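Trainee: I would like to work through this model with you. Can we look at it together, one point at a time?

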Amino acid sequence: MSPRSASVNEELRRRSRERLLQSTVELVAEHGYEATTLGDIADRAGAARGLVSYYFPGKRQLLQSAVHRLMHLTLYAALEREPRSECGRERLARAVDAVLGLARDEPLLMRTHMAGILTAEGFVQCPEQQRLAELLRDTVVRYGSADPDADYPLLRALLMGAVVAILLPGAPMPARRLRAELFQRYGLDWELGVPPDGGPPGGTSPSPSSHP
C-alpha cells in the first residue's frame with residue numbers, strides 16, 4: 001500500500017479537528033463544562049484521547065475554538081440563506097440576529113463561553129476565531145464602513161455585550177430590546193433580518209440613518 005499523500009493527511013487532520021470541535025459543542029450544551037471531560041469529547045468524536053492534547057492545550061481553549069466555529073457556521077448560514085442578499089444593511093441585520101439567536105438557542109454553551117473569555121485564559125486566537133472575525137469584518141465593509149478596522153472591533157464588542165446581557169443570571173435583558181438598540185444604532189429597519197413576532201418594543205421602528 002502506497003503512503004498517503006500530504007494533502008490526504010491534511011484532510012484527515014482537518015476532519016479529526018472538526019469532529020472534536022463538534023463533539024465539544026454537543027457535550028457542553030448537554031452536560032455543562034465541568035461535567036464534560038476531554039475523554040468524553042474524544043470518545044464522542046471517535047478519536048484517540050491523545051489527539052485532543054495534540055490540537056489544543058486545554059479544555060478551555062478547545063471550548064473557545066468550538067464555540068467560535070459554531071458562531072462562524074451560524075453566521076455564514078444566516079448571511080448566505082435564500083433569498084441571498086448583497087445589501088449591506090440586510091447582511092448586518094442578519095448578523096445581529098444570528099448572534100442574538102445563539103444566546104437564545106444555546107444559553108448554557110454561550111454563557112460558559114463568555115465566562116471563559118472573562119477569566120484569566122482570556123480570548124483565544126485560533127483558526128475558528130479568525131474565520132469568524134473575517135466574516136464579521138466583511139459584513140462591516142459591506143454595510144459601508146469607512147473604517148472597518150475600527151468598526152469591526154466595535155461591532156464585536158456590542159454583540160458580545162448583548163449576549164452577556166441576555167444571559168446575565170438574575171437580571172437578563174430581553175433580546176427584543178437589545179435588538180432594537182443595536183438596530184437603532186446602525187440605522188436598520190426592524191423588518192430586516194429575522195424580526196421577532198410582535199414588532200419592536202414601543203411599537204415604533206428605529207429610524208434609518210444615513211448609512212448605506
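Predicted model: local features only at pLDDT ≥ 70, side-chain atom pairs only at ≥ 80, totals over all residues.

Trainee: Is L75 buried or exposed?
Mentor: The cut-off for buried is under 20% relative accessible area. L75 has 2% relative accessibility, so L75 counts as buried.

Trainee: What separates the C-alpha atoms of L75 and V99?
Mentor: Along the chain, the two residues are 24 apart.

Trainee: How many helices and strands does the protein have?
Mentor: Read along the sequence, the pattern is α-α-α-α-α-α-α-α-α. The C-alpha trace spans about 65 × 45 × 30 Å along its principal axes. The secondary structure comes to nine helices and zero strands.

Trainee: What share of the contacts with a separation of 6 or more comes from residues 24 or more positions apart?
Mentor: Start with burial: of the 212 residues, 46% count as buried. Then take the contacts in the protein with a separation of 6 or more. Residues 24 or more positions apart account for 61%.

Trainee: Which residues of α6 are buried, and what covers them?
Mentor: The buried residues of α6 are L109, M110, T112, H113, M114, G116 and I117. The cover over these buried residues includes α1 (6-31), α4, α5 and α8.

Trainee: How many cavities of 30 Å³ or more are there, and which residues lie closest to the centre of the largest?
Mentor: The structure holds one cavity of 30 Å³ or more. The largest cavity has about 180 Å³ of space. Its lining has 17 residues, and the closest to its centre are H68, M71, L132, R156 and M160.

Trainee: Which helix gives the most to the lining of the largest cavity?
Mentor: α4 (59-80), α6 (107-117), α7 (127-143) and α8 (148-167) each supply at least two residues of that lining. With five residues, the helix that gives the most is α8.

Trainee: How do the residues of the lining of the largest cavity divide into nonpolar, polar and charged?
Mentor: R156 is among the residues closest to the centre of the largest cavity. Arg counts as charged and Met and Leu as nonpolar. The lining divides into 13 nonpolar, three polar and one charged.

Trainee: Now the largest pocket. Which residues lie nearest its centre?
Mentor: The largest pocket has about 330 Å³ of space. It is lined by 15 residues. Nearest its centre lie D97, L100, G101, R104 and V194.

Trainee: Which element gives the most to the lining of the largest pocket?
Mentor: The elements that give two or more residues are α4, α5 (88-105) and α9 (175-185). The lining divides into seven nonpolar, two polar and six charged. With eight residues, the element that gives the most is α5.

Trainee: Where is M173, and which residues is it in contact with beyond its neighbours within four places in sequence?
Mentor: M173 has its place in the loop between α8 and α9. M173 and A162 are eleven residues apart in sequence and 8.4 Å apart in space, C-alpha to C-alpha. Leaving aside neighbours within four places in sequence, M173 is in contact with A165, I166 and L178.

Trainee: Is M173 buried or partly exposed?
Mentor: Buried needs under 20% and exposed needs over 50%. M173 is at 37% relative accessibility, so M173 counts as partly exposed.

Trainee: What does UniProt place at residues 14-74, and how much of the span is helix?
Mentor: The unreviewed UniProt entry gives "domain: HTH tetR-type" there. The end C-alpha atoms of the span lie 19 Å apart. In the model, the helix share of residues 14-74 is 80%.

Key:
Residues numbered from 1 in each chain as written. Heavy atoms only, no water. UniProt positions renumbered as here; feature names shortened; annotations may be inferred. 1 Å grid on protein atoms, 1.4 Å probe; cavity = no way out; pocket = protein on both sides within 12 Å on 5 of 7 lines; lining within 4 Å. Points joined across faces, edges and corners; volume = space filled by probe spheres on them. Buried < 20%, exposed > 50% of the residue type's maximum accessible area, 1.4 Å probe, protein only. Contact = heavy atoms within 4.5 Å.
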